[in-house]
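Colleague: I have just opened this one for the first time, so could you walk me through it slowly?
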Amino acid sequence: LPMAAAVWSTDRARMMAFPASFLVRFFEHHGFLELENRPDWYTVEGGSIRYVDAIAAVLGDAVRCATPVRGVRPRAGAVEVDLDSGTETFDHVVLATHVDTSLRLLKEPTAAQESILGKFSCRTNAAVLHTDARMMPRNKRAWASWNTHVGTDPGAPPTLTYWMNHLQSLPVATPILLTLNREDEIDPRDVLGRWDYDHPIFTPDSVAAAARLPEIQGGDGIWFAGAAWGYGFHEDGVRSGVQVARALGVPFGEDLSGRPMDLIFEADR
């Protein structure tokens, strides 16, 4: 339970309702079931912002930051997008957001869209970057990349600390730690930053709904992508985006400008 709760950033009570076959397939794929001969894990040098920057460089001026989308609806063979500045029309729209957000954005969802998208939800977790080693095991020999703190309430938010020095090979002696949901116990003088993250919650209903994605994918020019359509990880987000791109006629391994996407796919090693 602590291992699985740490992987999906969820509480132990929800993990007891987690689809077992889904969990075992993931653990097998990532080598978690091996006690020896575990596969090497890779990280993107410079962090995930590197492949975000790579995608943004390909899209160029087409990227519009700080431009909230207020609603999406199909109209006469096209798709309308409501912005604060007005309504714009596109041939296709890809909603690469949390699934519950996608449902809120659809102003006229079909019954099938409501049935499938409505099975997904998210949980907000507070993430604090800090140097307070009290959040780690007292015995330093027990320090690991993921360190779970098991409280008494199985329904409480997950409490774990990532050892970033080990995860990202940081060339510093000071422990750089990222803790979820124990911020009240961290010395404020050691805090380097704080963020709220929404993590998808996987349930038997959401996993069954994900298998029904083809029923609504591309209908009326509206497409769906994101990590929640897989196992909830970065590579799942990339994979779902590639599937949509293929369906829209983009050759695999190339982006819309025809340049290779090798840098982007480095993240899926």
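Colleague: Let me start with a cysteine: is Cys65 buried or exposed?

Modeller: Cys65 is exposed, because its relative accessible area is 65%, where exposed means over 50%, buried means under 20% and partly exposed lies in between, with a 1.4 Å probe and protein chains only. Before going on, please keep in mind that this is a predicted model, in which local features need pLDDT of at least 70 and side-chain atom pairs count only at pLDDT 80 or more, while totals for chains, interfaces and linings use all residues. Residues are numbered from 1 along each chain as its sequence is written, and side-chain values use heavy atoms, with hydrogens and water left out.

Colleague: And Cys122, how exposed is that one?

Modeller: Cys122 is partly exposed, since its relative accessible area is 24%.

Colleague: How many disulfides turn up in the whole structure?

Modeller: The search finds 0 disulfides, a disulfide being a pair of cysteine sulfur atoms within 2.5 Å.

Colleague: Then what about salt bridges, how many are there?

Modeller: Searching the whole structure gives 15 salt bridges, counted where a side-chain nitrogen of Lys or Arg is within 4 Å of a carboxyl oxygen of Asp or Glu. As background, side chains of opposite charge can pair when their charged atoms come close.

Colleague: Which residue does Arg134 pair with?

Modeller: Arg134 forms a salt bridge with Asp132, and the closest N and O atoms are 2.7 Å apart. Arg134 counts as exposed because its relative accessibility is 56%, whereas Asp132 is buried, with a relative accessible area of 4%.

Colleague: Where is Asp132 found?

Modeller: Asp132 sits in the loop between β5 (121–130) and β6 (146–148); these labels follow DSSP runs numbered from the N terminus, with helices being H or I runs of at least four residues and strands being E runs of at least two.

Colleague: What else does the Asp132 side chain reach?

Modeller: A polar atom of the Asp132 side chain lies 3.0 Å from the backbone nitrogen of Asp187. Leaving aside neighbours within four places in sequence, Asp132 is in contact, meaning heavy atoms within 4.5 Å, with Leu177, Glu185, Ile186, Asp187 and Asp190.

Colleague: Glu185 is in that list, so which salt bridge does Glu185 form?

Modeller: Glu185 forms a salt bridge with Arg182, where the closest N and O atoms are 2.9 Å apart. Glu185 counts as partly exposed because its relative accessibility is 41%, while Arg182 is buried at a relative accessible area of 9%.

Colleague: Which residues are linked in a network of salt bridges?

Modeller: Asp11, Arg14 and Arg123 are linked in such a network. Elsewhere, the side chains of Asp196 and Arg194 meet in a salt bridge at 3.1 Å, N to O, with Asp196 partly exposed at 47% and Arg194 partly exposed at 40%.

Colleague: Changing topic, where does Thr161 lie?

Modeller: Thr161 lies in strand β7, which covers residues 160–163, and Thr161 counts as buried because its relative accessibility is 1%. The Thr161 side chain makes a polar contact of 2.7 Å with the side chain of Thr179; such a contact is a pair of N or O atoms within 3.5 Å, and within protein one must be able to donate a hydrogen and the other to accept it, with residues adjacent in sequence counting only if both atoms are side-chain atoms. Residues that Thr161 touches, not counting those up to four places away in sequence, include Met135, Trp146 and Leu178.

Colleague: Last one, how far apart are Ala173 and Phe120?

Modeller: Ala173 and Phe120 are 53 residues apart in sequence and 41 Å apart in space, C-alpha to C-alpha. Ala173 is in the loop between α7 (164–168) and β8 (177–180), and Ala173 is exposed because its relative accessible area is 78%.
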